[in-house]
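Here is a short report on one protein chain. Keep the sequence and the 3D view open as you read.

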Amino acid sequence: MASSRFAQRLRGLVEDDSGVATTIRIPRGGHVFNCGDHDDDVYMIETGQVKTVTFSRDGKQCLLSIYAPGDVFGELCQASAGRLETATAMRPTILRRIRSGRFRAALADQDLLEAFLAYLALRVSEQQQIITNLVTMDSERRLAAVLLTLADKIGKRHSTGTSIEQRITQEELSDMVGTTRSRVGYFLKRFAEAGLVSRHPGAFLVVDENGLADYLETAAL
C-alpha cells in the first residue's frame, strides 16, 4: 500500500540518520499544531494516536482523519502557506518530528520521492471517495463506511471481530459522517441489533467488517 511504503521509506531515513528527526511527547488532548500555524514539519507516530480536524467559518468542526502508530501526517503543509487543520493527541503520544528543510532535501532520494508521490495520490483518492460518499450515500451508509475505515486503520482483528479500542465519541463520529450525534446513536443501535457492531470490555466497539461490507454492497443495489 502506498501509505505504508512511504512510511517505511521515511522511517528508514530517520533510522539511518539520527539528525533528521527529533522526538517529542504530546499529552492526551495536547495539540501538535493548530490551524493557521506556519509550522511545516512532518510527523511520524511512534506510539499513541492523533486526530486532525478543521473548522468552518461559523466554528463547526469536521474530523478529517485519525492516525495510528507508523502513520505520517502534516505533509500537506508543504504545499500551503499555513496549517489547514489542527492535530490533537487522542492519547499520550510519542512523535518523530522531521523539519521541513530536511524532509525536502530527503526527497532527492528517488525511491522516497516516488513513495511520497504515490502516497499523495492515495490521499487525493481517499478524499475523492469521501466526497463521493457524501453525495451518493445516506448518513447510515456513510457511518458504516467510516466504521470500516476506522477498523482497518486502528482496529485489532480477533476471531470475534475487529476491536476499536480507542474511544471515539458519537460527536466525533457525527463530524466524520456529516450528520447529528443523535442520528449516529440511532444508527449504532440498528447496527448492534443486526449484529454488525457490539461492545466488549476493553474496547469502544467491535466491528464485523465482513458484515458491514456486505451491508454496504446490499444497500447500494
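## A charged pair between helices

Arginine 190 is partly exposed, because its relative accessible area is 39%, which falls between the 20% and 50% limits. This is a predicted model. The partner of arginine 190 in a salt bridge is glutamate 140, with the closest N and O atoms 2.6 Å apart. The two residues sit in distant parts of the chain, 50 residues apart. Arginine 190 belongs to helix H6 (residues 181-193), and glutamate 140 to helix H4 (residues 139-154).

Glutamate 140 is buried: its relative accessible area is 11%, and buried means under 20%. Shared partners also build a network of salt bridges, which joins Asp152, Arg157 and Glu209.

## More salt bridges

The count of salt bridges comes to 13. One of them pairs arginine 83 with aspartate 39, with the closest N and O atoms 3.3 Å apart.

Arginine 104 meets aspartate 40 in another salt bridge (3.3 Å, N to O). This pair links parts of the chain that are 64 residues apart. Arginine 104 is in helix H2 (residues 100-106), while aspartate 40 is in the loop between S2 and S3. Arginine 104 is partly exposed, with a relative accessible area of 44%.

## Two domains

The chain has two parts: domain 1 (2-123) and domain 2 (137-219). Their contact takes 12 residues from domain 1 and nine residues from domain 2. The C-alpha centres of the domains lie 26 Å apart.

The size of an interface is often given as the accessible area lost when the parts come together. Here, domain 1 and domain 2 bury about 930 Å² between them. Carbon and sulfur atoms hold 54% of that area. On the domain 1 side, Leu63, Ile66 and Met90 supply 49% of the buried area, more than any other three residues.

## What joins the domains

How many salt bridges are there between domain 1 and domain 2? The count is two. Aspartate 71 and lysine 153 meet through their side chains in a salt bridge (3.3 Å, N to O). Two residue pairs are in polar contact between the domains.

Strands S3 (42-55), S4 (61-67) and S6 (86-98) each supply at least two residues of the domain 1 side that touches domain 2. S4 gives the largest share, six residues. By class, this side has six nonpolar, three polar and three charged residues.

Terms used:
Residues are numbered from 1 along each chain as its sequence is written. This is a predicted model: local features need pLDDT of at least 70, side-chain atom pairs count only at pLDDT 80 or more; totals for chains, interfaces and linings use all residues. Side-chain values use heavy atoms; hydrogens and water are left out. Domain bounds come from an automatic or database domain assignment. Contact means heavy atoms within 4.5 Å. Buried area is the accessible area (1.4 Å probe) that two parts lose on being put together, summed over both. A salt bridge is a side-chain nitrogen of Lys or Arg within 4 Å of a carboxyl oxygen of Asp or Glu. A polar contact is a pair of N or O atoms within 3.5 Å; within protein, one must be able to donate a hydrogen and the other to accept it, and residues adjacent in sequence count only if both atoms are side-chain atoms. Helices (H or I, at least four residues) and strands (E, at least two) are DSSP runs, numbered from the N terminus. Ala, Val, Leu, Ile, Met, Phe, Trp, Tyr, Cys and Pro count as nonpolar, Asp, Glu, Lys and Arg as charged, and the others, Gly among them, as polar. Buried means under 20% relative accessible area, exposed over 50%, partly exposed in between (1.4 Å probe, protein chains only).
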